[in-house]
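Here's a quick briefing on the rings and pockets of this protein. Have the structure open while you read.

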Amino acid sequence: MKLKNILIAVNDIKKSVSFYRDIFGLEVILDQDGNVILTEGLVLQDAKIWKNFLNREIIPNSNSCELYFEEKNIEAFAEKLEHYHEPIQYVSKRMTHSWGQTVIRFYDPDGHLIEVGTPVAPPEDMQQTQSA
């Protein structure tokens with residue numbers, strides 16, 4: 001089995017597509033009336049469609065999951081966020097964990113938590129599994 005996509009519900013598809021394109025360089029692969037598939041496996045779905053499908057409320061800023069991206073040049077990425085045309089709501093600006101990884105956490109326009117961190121080498125046992 002293979003995980004194909006991660007879907008998030010958004011209130012304004014165009015605004016979200018612009019955000020993920022401008023900040024992360026993701027491009028539209030397919031646009032189907034309220035469902036947009038972006039590169040890297042991210043799917044944006046109109047929140048009205050998602051809410052109707054689930055018959056439940058959508059809870060913004062729920063902090064129950066996060067989208068994780070890696071960026072080698074975290075300083076340049078932090079600068080990009082600071083100059084984005086919309087204000088970025090930060091959880092934490094640049095911080096460095098005890099294991100040496102630098103990360104930035106913030107929300108997208110719909111309150112989905114995002115973390116961008118510097119690459120971390122997998123543990124030795126994972127490297128052996130990946131190369132097998």
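**Pockets and rings at a glance**

The lining of the second largest pocket splits into six nonpolar residues, one polar and three charged. Keep in mind that this is a predicted model.

**Second largest pocket**
- This pocket holds about 150 Å³ of space.
- Its lining is made up of Lys15, Phe19, Tyr84, Glu86, Pro87, Ile88, Gln89, Tyr107, Asp108 and Pro109.

**Largest pocket**
- Here you get about 530 Å³ of space.
- A total of 26 residues line the largest pocket, and Ala9, Ile58, Ile59, Ser62 and His112 lie nearest its centre.
- Elements giving two or more residues to that lining are β1 (6-10), α2 (47-54) and β5 (66-70).
- β1 supplies the largest share, five residues.
- By type, the lining of the largest pocket comes to 14 nonpolar, seven polar and five charged residues.

**Aromatic rings**
- There are nine aromatic pairs in the structure.
- One of them joins Phe19 and Phe24: the ring centres are 6.2 Å apart and the planes sit at 70°, so the pair counts as edge-to-face, for which the cut-off is over 60 degrees.
- Both Phe19 and Phe24 are buried.
- Ring pairs tie Phe19, Tyr20, Phe24, Phe69, Phe77, Tyr84 and Phe106 into a cluster.
- Two members of that cluster, Phe19 and Tyr84, also turn up in the lining of the second largest pocket.

**A charge over a ring**
- Lys93 has its charged end over the ring of Tyr90, 4.7 Å from the ring centre.

How values were computed. Residues numbered from 1 in each chain as written. Predicted model: local features only at pLDDT ≥ 70, side-chain atom pairs only at ≥ 80, totals over all residues. Heavy atoms only, no water. Phe/Tyr/Trp six-rings, centres within 6.5 Å; stacked < 30°, edge-to-face > 60°. Buried < 20%, exposed > 50% of the residue type's maximum accessible area, 1.4 Å probe, protein only. Lys NZ or Arg CZ within 6 Å of the ring centre and 35° of its normal. 1 Å grid on protein atoms, 1.4 Å probe; cavity = no way out; pocket = protein on both sides within 12 Å on 5 of 7 lines; lining within 4 Å. Points joined across faces, edges and corners; volume = space filled by probe spheres on them. Helix = DSSP H or I, 4+ residues; strand = E, 2+ residues; numbered from the N terminus. Nonpolar A, V, L, I, M, F, W, Y, C, P; charged D, E, K, R; others polar.
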